[in-house]
Amino acid sequence: MKSSVNGSRPATTARPAGAAGQRTDGHPRPVNELVHEAADLAADLVRQELRLAGAELSAKGRRAGRGGGLLGGAGLLAVIGLQAFVAAAIAGLALVMPLWAAALVAGGVLAVTAGLLALTGRGQLRKAGSPVPERAVATSRTDIDVIKERAHR
């Protein structure tokens, strides 16, 4: 039977026969039957590990997508802001200060706004973590260790 790690995988159905290597009538099970059962269990294990890895990568991908979208939004805001509002802001500020000072103030405000959006997006990307499906790798290693331990018995 498969081990269940923190309840992350459902247990498989019960074995068709009694204790390992024994039939319900007490006679030993044929080797081909045991090998077939082991192959079925290994295939089930691989399918479950692949489902776990897929779910983990999907969740990480969504988080990375949000972070990337925020970074893209920061870039878009910077470009649109530079093109559309810089001229108007400079013209408005030039009424109360020299033209060069008005341009400096407008550029500084846009740079600070873009920097805040970039920091927020970078934080989202960091929360996404490593692209490696860590839980799937850990449970696979545990399963391999259990199989090796039982094979040495």
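Among the elements of the chain, H2 comes out with the highest mean pLDDT, 89, while H3 has the lowest, 80. Keep in mind that this is a predicted model. Taken over the chain, the mean pLDDT is 79, with 84% of residues at 70 or more.

Now follow H1, which covers residues 31-93. Along the way, H1 bends by about 50° at Phe85.

Next, bring in H2, residues 99-128. The axes of H1 and H2 come within 8 Å and cross at roughly 175°. An angle over 145° counts as roughly antiparallel, so that is how H1 runs relative to H2. Sorted by class, the residues in this contact are 22 nonpolar, 8 polar and 5 charged.

H3, residues 134-151, also packs against H1: their axes come within 8 Å, crossing at roughly 160°. H1 and H3 are therefore roughly antiparallel to each other too. On the H1 side, look for Leu45, Glu49, Leu52, Ala53, Glu56 and Lys60; they meet Glu134, Arg135, Ala136, Thr139, Ser140, Asp143 and Ile147 of H3. By class, this contact of H1 with H3 has 5 nonpolar, 2 polar and 6 charged residues.

How values were computed: Residues are numbered from 1 along each chain as its sequence is written. This is a predicted model: local features need pLDDT of at least 70, side-chain atom pairs count only at pLDDT 80 or more; totals for chains, interfaces and linings use all residues. Side-chain values use heavy atoms; hydrogens and water are left out. Axes are lines fitted to C-alpha atoms, for helices over the stretch in contact, and angles run from 0 to 180 degrees between N-to-C directions. Helices (H or I, at least four residues) and strands (E, at least two) are DSSP runs, numbered from the N terminus. Angles under 35 degrees count as roughly parallel, over 145 as roughly antiparallel, 65 to 115 as roughly perpendicular and the rest as oblique. Contact means heavy atoms within 4.5 Å. Ala, Val, Leu, Ile, Met, Phe, Trp, Tyr, Cys and Pro count as nonpolar, Asp, Glu, Lys and Arg as charged, and the others, Gly among them, as polar. The bend at a residue is the angle between axes fitted to the seven residues ending there and the seven starting there. pLDDT is the predictor's confidence in each residue, from 0 to 100.
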